[in-house]
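Student: I should like to work through this structure step by step. Could we begin with a single residue and then widen the view?

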Amino acid sequence: MAGTSELIEFRRAFVWLLCGMLLPSVALVAFGVVAVANERAAVERRLTEDYDARLRALALDLFARLDKAADAVAAGGTDPLIASVQSLDSPSPELAVVARRAATLPIGGHVFATTEAGNERRAYALLRSVAAGSERTLLAQYDLAAVADLIPRIAEARFPRDRAAFRVAPPREPVPPLIALRRIVAEAGQNATVVARISLGPPLEGFALAAELPGDPAAPLAFRNRTLYIALLVLLYGGIGVGFGLTIREMRRAYKLSRLKTDFVANISHELRTPLTSVRLFAETLREGRAEGPEEVKECVAMLSSEADRLSRMVQRLLDWSRLEAGRANLELERTQVPALLDRIGEAYRAQQLPATYETKVEAQLPAVNVDPDAMAQVVLNLLTNAVKYTGGDKRIRVHARRAGRNVAIEVEDNGPGVRPHDRKRIFERFYRGDNLLSRQTEGTGLGLAIAKKIVELHGGRIELDTRVGEGSTFRVILPAA
């Protein structure tokens with residue numbers, strides 16, 4: 001239940017972390033998108049205001065030129081902008097009102113008018129002129145093609161270095177989907193963008209002056225901002241991803257460590273309870289005087305000494321691991337021959353009086369190794385102790401020292417049950433013990449292999465495991481040759 005509760009807490013913390021990081025990042029993404037769009041709109045608005053002023057100045061020049069053309073015709077001359085001139089004796093209904101106004105003008109005056117016949121617009125100037133001693137109204141029709149060709153020349157004269165194209169265009173705006181499509185095409189550099197447009201009055205009523213820039217003038221800024229924004233987003237989410245990874249790893253490690261500590265407390269409590277129970281039992285036997293004769297007293301004292309040694313070994317192993325974890329392990333490295341190291345291991349093994357022997361095989365002419373003899377003896381002794389504890393009645397244990405490339409390998413082989421696949425990756429973890437019947441029946445703190453691995457790594461070596469379930473295991477300590 002404790003493990004399940006810790007797992008639930010871990011998941012709840014992870015969900016809160018996820019919400020706490022993703023929600024602000026999503027808000028930041030939305031804010032960035034709006035900011036890029038607003039900045040583009042501001043650029044477009046600034047361009048529109050700038051070119052609106054230019055178009056109004058250009059319209060003034062255009063109408064001044066149209067006035068000049070009308071004045072030339074009224075004076076009896078010609079102008080290239082005038083396509084035709086005729087006397088307005090019987091005006092059409094569309095020009096009736098304008099004709100009455102023109103009749104009130106002084107000689108040389110004119111008024112503009114626009115008519116539409118079908119889909120064709122026509123521009124006129126109604127002039128007051130004198131011919132054969134009598135006043136009359138002339139109808140001069142403008143050549144719209146000539147007027148359209150005049151616009152770029154006027155613009156070139158007024159704005160010589162402007163890269164915009166100025167033209168006469170219908171005032172009808174395209175529908176919004178077409179605007180979006182046109183903008184996409186313009187960003188690809190295949191079209192021009194209308195940045196400003198003003199409507200014209202008579203005689204060009206129904207037309208507009210437009211300013212176009214090649215491509216999309218806001219595209220470079222928008223592209224730069226989008227690129228910068230995407231790069232920042234990549235960095236942001238990359239940082240969030242790395243942070244999530246590190247946080248999840250630390251949370252998993254904390255969860256795993258908490259679970260291991262819980263297992264360790266359970267294991268060590270069990271391991272301590274057994275010798276303490278024995279010590280209390282034999283102590284009560286001696287105190288109550290229930291021992292019959294010197295032999296039983298001697299046996300009780302021997303058992304008390306054995307259980308005290310057992311407790312001492314457990315405490316010593318905990319102290320060894322504490323020193324290794326704190327980095328306070330002082331190794332005194334010296335050049336050591338492998339046979340001499342194995343002899344020291346044999347002496348320590350015999351001193352423990354374990355209920356088994358082992359066979360030793362040493363390859364000839366092995367190079368020496370730089371090790372702390374006592375620390376390395378403890379490593380191999382831990383492996384031998386495990387081999388004795390986890391093999392059955394027919395114990396076949398071998399220690400083999402051989403070359404491994406440029407290194408020296410010391411192997412401890414047994415004929416035990418082997419290590420199950422899901423335990424292999426965790427067997428060298430602190431406090432970890434395989435969850436099977438043999439492990440539960442065997443004393444241990446789950447620190448022996450962790451201590452061995454730590455000491456070997458401090459020597460610059462590594463420890464490996466070859467195992468076959470039901471056939472045995474081989475623990476291999478690989479040390480660099482001196």
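Student: Which backbone nitrogen does the side chain of Thr467 reach?

Tutor: This is a predicted model, so the distances are those of the prediction. Thr467 is found in strand 13, residues 462–468. Its side chain comes to 2.8 Å from a backbone nitrogen, and that nitrogen belongs to Val419.

Student: Which side chain joins that of Thr467 in a polar contact?

Tutor: Beyond near neighbours in sequence, Thr467 touches Gly418, Val419, Arg424, Gly472 and Ser473. One of these residues also makes a side-chain polar contact with Thr467, at 3.0 Å. The partner is Ser473.

Student: Is Thr467 buried or exposed?

Tutor: A residue counts as buried when its relative accessible area is under 20%. The value for Thr467 is 13%. Because that value lies under the cut-off, Thr467 is buried.

Student: Which element gives the most residues to the largest nonpolar core?

Tutor: The largest nonpolar core has 40 residues, of which Ile345, Leu384, Val412 and Val477 touch the most other members. Elements giving two or more residues to this core include helix 7 (338–351), strand 12 (407–414), strand 13 and strand 14 (472–480). The element that gives the most, with 10 residues, is helix 8.

Student: Which residue forms a salt bridge with Arg158?

Tutor: Arg158 is in helix 3 (residues 144–158), and its partner is in helix 1 (residues 2–74), 97 residues apart. The closest N and O atoms of the pair are 2.5 Å apart. The partner of Arg158 is Asp61.

Student: Why does Arg158 count as partly exposed?

Tutor: Partly exposed covers the range between the buried cut-off of 20% and the exposed cut-off of 50%. Asp61, at 25% relative accessibility, counts as partly exposed. Arg158 also counts as partly exposed, because its relative accessibility is 40%.

Student: What is the N to O distance in the salt bridge of Glu116 and Arg121?

Tutor: Glu116 is partly exposed, with a relative accessible area of 44%. Arg121 is partly exposed as well, at 29%. Their side chains meet in a salt bridge with an N to O distance of 3.6 Å.

Student: How many salt bridges does the count come to?

Tutor: Arg402, Glu411, Arg462, Glu464, Asp466 and Arg476 are linked in a network of salt bridges. Another salt bridge is formed by Glu120 and Arg122, with the closest N and O atoms 3.8 Å apart. The count comes to 18.

Student: Over which residues is the pLDDT under 50?

Tutor: The mean pLDDT of the protein chain is 78, and 79% of its residues reach 70 or more. Where pLDDT is low, predicted coordinates should not be read in detail. One stretch below 50 is residues 437–441, with 8 contacts beyond near neighbours in sequence. Another, with 18 contacts beyond four places in sequence, is residues 177–190.

How values were computed:
Residues numbered from 1 in each chain as written. Predicted model: local features only at pLDDT ≥ 70, side-chain atom pairs only at ≥ 80, totals over all residues. Heavy atoms only, no water. Helix = DSSP H or I, 4+ residues; strand = E, 2+ residues; numbered from the N terminus. Buried < 20%, exposed > 50% of the residue type's maximum accessible area, 1.4 Å probe, protein only. Polar contact = N/O pair within 3.5 Å; in protein donor to acceptor, adjacent residues only side chain to side chain. Contact = heavy atoms within 4.5 Å. pLDDT = per-residue confidence, 0-100. Core = buried A, V, L, I, M, F, W, Y, C linked by side-chain atoms within 4.5 Å. Salt bridge = Lys/Arg side-chain N within 4 Å of Asp/Glu carboxyl O.
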